[in-house]
Amino acid sequence: MTKRIFRAMALTSVIALFACILFVIAVLFNYFNTQVINELESSAAYIAEGIEENGIEYLRNLEVHSKRITYVSAEGTVLFDNTVTDVSQMDNHLNREEISEAIKNGSGKSTRASETLTERTIYHAVRLSDGSVLRISDTESSTSVIIAGITQPILLIGAVIFIISAIVSSQISKAITEPLNNLDVTHPDKEMLYDELKPLIKKLNEQNATIDRQISDLKRKQTEFDTITKNMSEGFIIIDSFRNILSFNPAAPRLLGSETGKEYRYVSNLTDNETVLEGVNSALSGNHFEAKFFRGETCCQIIASPVNNEVVTVGAIILILDISEKNQRETMRQEFTANVSHELKTPLTSISGFAELMMNGMVKQSDITDISATIYKESRRLITLVNDIIKISELDSRSSYETEELDLYDLCDEAVTVLEDAAERKGVSVELEGTRTKINGVKQIVFEMIYNICDNAIKYNKENGSVKIELSEADGRANVSVKDTGIGIPYDHQNRVFERFYRVDKSHSKQTGGTGLGLSIVKHGALFHDADIHLESTPNVGTEITISFKKA
Ligand code: ADP
């Protein structure tokens, strides 16, 4: 812009300068012409006076070389010409414009192009008293010579003026564009600017406000998006069609076993997991992809979906979910079903076998009582098993139970009463001591939990052993501890006894009527009540199981 302004100003100066020079030359040319004519007139008047007084002799004695002097009779015959020696050879001058005019009016003037020269000649003629005519002429070339003489200094002055105007133009154009160059487009109001720019400034202000609004909108959305994705447990990755990662959340590298807090440019930098790369390829080919993969103990699911712009796939969104728990639950369910079928099959086979023998009359009358007792025992076992399965299923499905304030001491006392006979049969003494402590819970479940650990403490005790139930309170918790002097649990089994159908010694457990679900019910009940279980056991010495509830 500075250059354009400079060029325009410089051009204007040059044109103005040339116009001035031409005008000055024209004025000077005119001035010098007038001067020449005036000079011719005064010379003519002066010489005419000389001729009037001294006749033609005056002309002969006159020494004038710069001008042509012609003296013509009233008839047009040339009597004298200072440029011609033999005037008799000259033609009649009566037809000369200036001479005929002078004869007519007293003076005459004309300008003619010279026949021999390219210059123009100015003629001035005056009529004398006897009717003769004196003519003086001069060439215009003399004017041109004078003008040519002054043209050079004028051009020199013009050149100086041009240089000065170029410098001034440059300074002015810089001064004009400086406020524009220094314009702060983000705060245009603060600048002192030209009035012509006010509509532009207004527009800029409006646009700035719109841009600011849009940026803050985008920032808010970005923050929302970041907050949501940052706290997502699912990993997600957005990629373009060249496998460049456009966005990913911290859960993605964590689930893929890569370093978190690092920048990853390509999916291949983030993971080399074949299933994930297969998912990426599939999604970029326009197909939805779902698969499961393991990373150590963790089971993950990948869902890769293409992002389509009309018919072209421009990228993909990859979701990675930790489904370890779901997977584990599924496995457990499968195992549970298999275990249940197995557990049910054994007593049923026994019942069915004995019933068949009796049906076919193959049992002696004397054995019928024993066989009926076995059938009864097996069916009782089946009922206990089915009851336990129902309890576990209810806890699993988190059926809606009504909670109430419970006195743990009362529940323990009730369990001791129910188990009195069993303890007596085994010669085990049961002791209950401690404080009355209250919790909020479901009576049926809490009773079941206490009953199961007390039942185990008696079942797996030694002859004449003892069971001590102790209630205590500490740090806002209500603790029930059941300690026995029984056979104990081998160390390598201690982690597993809470699993469904897990029994340390299957035959012993069966003999004592165990289903392998007792501690599993305890564990589920604890989960339901947000309670902690602690197990301490020394083989052949005894076991202590403590359940710690939150106090009411
Ligand atoms: P079960 O119906 O067989 O008793 P549980 O789930 O109640 O099933 O217990 C699982 C296993 O843990 C039992 O089979 C037994 O081997 C062991 N166990 C549980 N409680 C005790 C205990 N107090 N002393 C020794 N072993 C125990």
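Trainee: Does Asp-475 count as buried or exposed?

Mentor: Asp-475 counts as exposed because its relative accessibility is 78%. Here, buried means under 20% relative accessible area, exposed means over 50%, and partly exposed lies in between, with a 1.4 Å probe and protein chains only.

Trainee: What kind of model is this, and how are residues numbered?

Mentor: This is a predicted model, in which local features need pLDDT of at least 70 and side-chain atom pairs count only at pLDDT 80 or more, while totals for chains, interfaces and linings use all residues. Residues are numbered from 1 along each chain as its sequence is written, and side-chain values use heavy atoms, with hydrogens and water left out.

Trainee: Back to Asp-475: where does Asp-475 lie, and what is its phi?

Mentor: Asp-475 lies in the loop between strand S14 and strand S15 (477-484). Its phi is near 50 degrees, a positive value in a residue other than glycine. Helices (H or I, at least four residues) and strands (E, at least two) are DSSP runs, numbered from the N terminus.

Trainee: What about the phi of Asn-464?

Mentor: Asn-464 is a residue other than glycine with a positive phi, near 60 degrees. Asn-464 is placed in the loop between helix H13 (443-459) and strand S14 (466-474). With 65% relative accessibility, Asn-464 counts as exposed.

Trainee: Changing topic, how many helices and strands are in the protein chain?

Mentor: The protein chain has 15 helices and 17 strands. Its radius of gyration is 65 Å, well over the 24 Å that the globule rule gives for 552 residues, so the chain is more spread out than a compact globule. That radius is taken over C-alpha atoms, and the globule rule is 2.2 Å times the number of residues to the power 0.38.

Trainee: What does the C-alpha trace span along its principal axes?

Mentor: The C-alpha trace spans about 200 × 55 × 35 Å along those axes. Of the 552 residues, 37% count as buried.

Trainee: And what share of contacts joins residues at least 24 apart?

Mentor: Among contacts between residues at least 6 apart in sequence, the share is 56%. Contact means heavy atoms within 4.5 Å.

Trainee: Now strand S6, please. How many of its residues are buried?

Mentor: Five of the six residues of S6 (residues 235-240) are buried, so the strand is mostly covered.

Trainee: Which strands does S6 pair with?

Mentor: S6 runs antiparallel to strand S10 (residues 312-322), with six bridges joining them. S6 also pairs with strand S7 (residues 245-248) in the antiparallel sense, over three bridges. Two strands pair if DSSP finds at least two bridges between them. On the S10 side, Gly-235 stands opposite Ile-320; on the S7 side, Ile-237 stands opposite Phe-248.

Trainee: What lies in the turn between S6 and S7?

Mentor: S6 and S7 form a hairpin with four residues between them, and Arg-243 in the turn has a positive phi of about 70 degrees.

Trainee: Why does Ile-239 count as buried?

Mentor: Ile-239 counts as buried because its relative accessibility is 2%. This residue lies in S6, and its bridge partner in S7 is Ile-245. Leaving aside neighbours within four places in sequence, its contacts include Val-267, Val-280, Leu-284 and Ala-316. The C-alpha atoms of Ile-239 and Ala-316 are separated by 5.4 Å, although these residues are 77 apart along the chain.

Trainee: Last one: why is strand S4 described as largely enclosed?

Mentor: Six of the eight residues of S4 (residues 120-127) are buried, so the strand is largely enclosed by the rest of the structure.

Trainee: Which strands are bridged to S4?

Mentor: Strand S3 (residues 107-113) pairs with S4 in the antiparallel sense over seven bridges, and Lys-109 has His-124 in S4 as its bridge partner. Strand S5 (residues 133-139) is joined to S4 by seven bridges and runs antiparallel to S4; there, Thr-121 has Thr-139 as its bridge partner in S5. S4 and S5 form a hairpin with five residues between them, and Gly-131 in that turn has a positive phi of about 95 degrees.
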